[in-house]
Amino acid sequence: MDVHQILTGLYSEEGRQDPYPYYAALHELGPVAPVPDRGEHRSVTAVAVGYDAVARILRDPEFFKQPPPNWRDHEVLRTLQTSMMFVNPPDHTRMRQVFAKAFTPRRLGALEPVVARVVDTLLDRMAEAGAGGTEVDFVAEFAHPVPALVMAEFIGIPARDLAWYRDRVESIDAFLDVAGKTPERLAAANSAAAELREFYRDLIAHRRGTPAEDLISGLVGAVDAGDVGLTEDELISNLVVLFNASFVTTVYMLSNGLPILLDHPDTVAALPGDDTLAAGCVDEILRMQNPVHFLARAAPRDLDLDGVPVARDENVLLLLAGANRDPARFPDPDRFDPRRTGPASLAFGLGLHFCLGAAVSRLEGRLALPRLLARFPRMAVTEEPTYSGSLFLRGIDKLLVTTGG
Ligand code: HEM
């Protein structure tokens, strides 16, 4: 297969369900491959799949994020392009500093009992729903509400608004997929962004009057006191992006992870009391079934990437999920090994934009998965799972299980 055939296969329905054979085929061609100027992938010049190549580009602060040309014309793009995730230094540095202060070890420690409480409440509910061998949807009952409730509490979003919120997040994520740029999806994402901005404007006004112990109250106080270099509009953009980033990614970490763990009963049996193993499981799940399959960066000047010429301002597609299965870095890459040594996977990115919430989702996984399997040791998947159909955020949306309890 040549690059064109591989990328066409990757973007196909079948490729989205199982992209890994296509990543393996790309590894055969080398760490970086030139992209022919055709079809859906015309906006990128090269595709990087080798671990070292992807890591080198992400670590290089001169590679940058390219805004879409018409971003000022659309609410969704205006929101994204005024948040830390999508901007370059110096704006990125300024915004990230403000939010990084909220992700301190102390705040993370304070989140631990919140995660445990949320998880235990949901396990009680799942025990009831699954009584007598009734099938339950693991995503609806657990993988989705764990991060939704934890992050809602952390950020300060009322739990009653979460269902409403989820539909808006889905519209934006559908647009962000590599093949999602249709006029219908853009229109839906624009309305979702407008509604979310309105939602945060109201919430900020409310917290201004009645501050609480959450992230929004802290940030509003700091913005109003002039302590941080952030306008209210930027605060709103960053809150939209922060919650979006924190949410479906972690749902998929849990839903993609469960079938892997259930296929490894010896590992599950060894989990109780072994926090290092639990952490290893989470990292290995993220390496093998990373929810974020690709990122893109633009070249700061004409350059050569492992023999592939890339001109200034041209984009390189970085296949994180492919790099995570690079046989040169992860021997026997398709094998689940929670005690693997070697480099960290690229599931959370690297460099300037390295995931701000990596420790939060690792904490959620490390606590939630062992508690779940201790409570339901005979849990079983009853139907072949299907994946979201997106490569930007790839994961299991529905997973029928019996609790065995
Ligand atoms: C398993 C769960 C998660 C995965 C796989 C994940 C993945 C990523 C990746 C790959 C990036 C880098 C984007 C880039 O370089 O363009 C990123 C950035 C980011 N993530 Fe996560 N993430 C997860 C959970 C979270 C959580 C829980 C939060 C918030 C609490 C969060 C907040 C962010 C933010 C704010 C950024 C942008 C950082 C910046 O641009 O400086 N993420 N994430």
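Guide: Helices and strands are DSSP runs, numbered from the N terminus, and a helix has at least four residues. Please keep in mind that this is a predicted model.

Visitor: Which protein atom is the donor of the iron atom of the ligand?

Guide: A donor here is an N, O or S atom within 2.8 Å of the metal. The iron atom of the ligand has Cys355 as its only protein donor, through SG at 2.3 Å.

Visitor: Which side chains have a polar atom by an oxygen atom of the ligand, and at what separation?

Guide: A polar contact is a pair of N or O atoms within 3.5 Å. Among the side chains, that of Lys65 has an N or O atom 2.3 Å from a ligand oxygen, that of His353 has one at 2.6 Å, and a polar atom of Arg297 lies 2.7 Å from an oxygen atom of the ligand.

Visitor: Which element gives the most residues to the shell around the ligand?

Guide: That element is α13, with six residues; α6 (91-100), α13 (232-262) and β4 (294-298) each supply at least two. The shell comprises 16 nonpolar, nine polar and three charged residues.

Visitor: Why does the ligand lie between domain 1 and domain 2?

Guide: The ligand lies between them because domain 1 (1-60 + 293-346) and domain 2 (61-292 + 347-402) both give residues to its shell.

How values were computed: Residues are numbered from 1 along each chain as its sequence is written. This is a predicted model: local features need pLDDT of at least 70, side-chain atom pairs count only at pLDDT 80 or more; totals for chains, interfaces and linings use all residues. Side-chain values use heavy atoms; hydrogens and water are left out. A polar contact is a pair of N or O atoms within 3.5 Å; within protein, one must be able to donate a hydrogen and the other to accept it, and residues adjacent in sequence count only if both atoms are side-chain atoms. Ala, Val, Leu, Ile, Met, Phe, Trp, Tyr, Cys and Pro count as nonpolar, Asp, Glu, Lys and Arg as charged, and the others, Gly among them, as polar. Domain bounds come from an automatic or database domain assignment. Donors are N, O and S atoms within 2.8 Å of the metal (3.2 Å for Na, K and Ca); water is not among the atoms, so sites may look incomplete.
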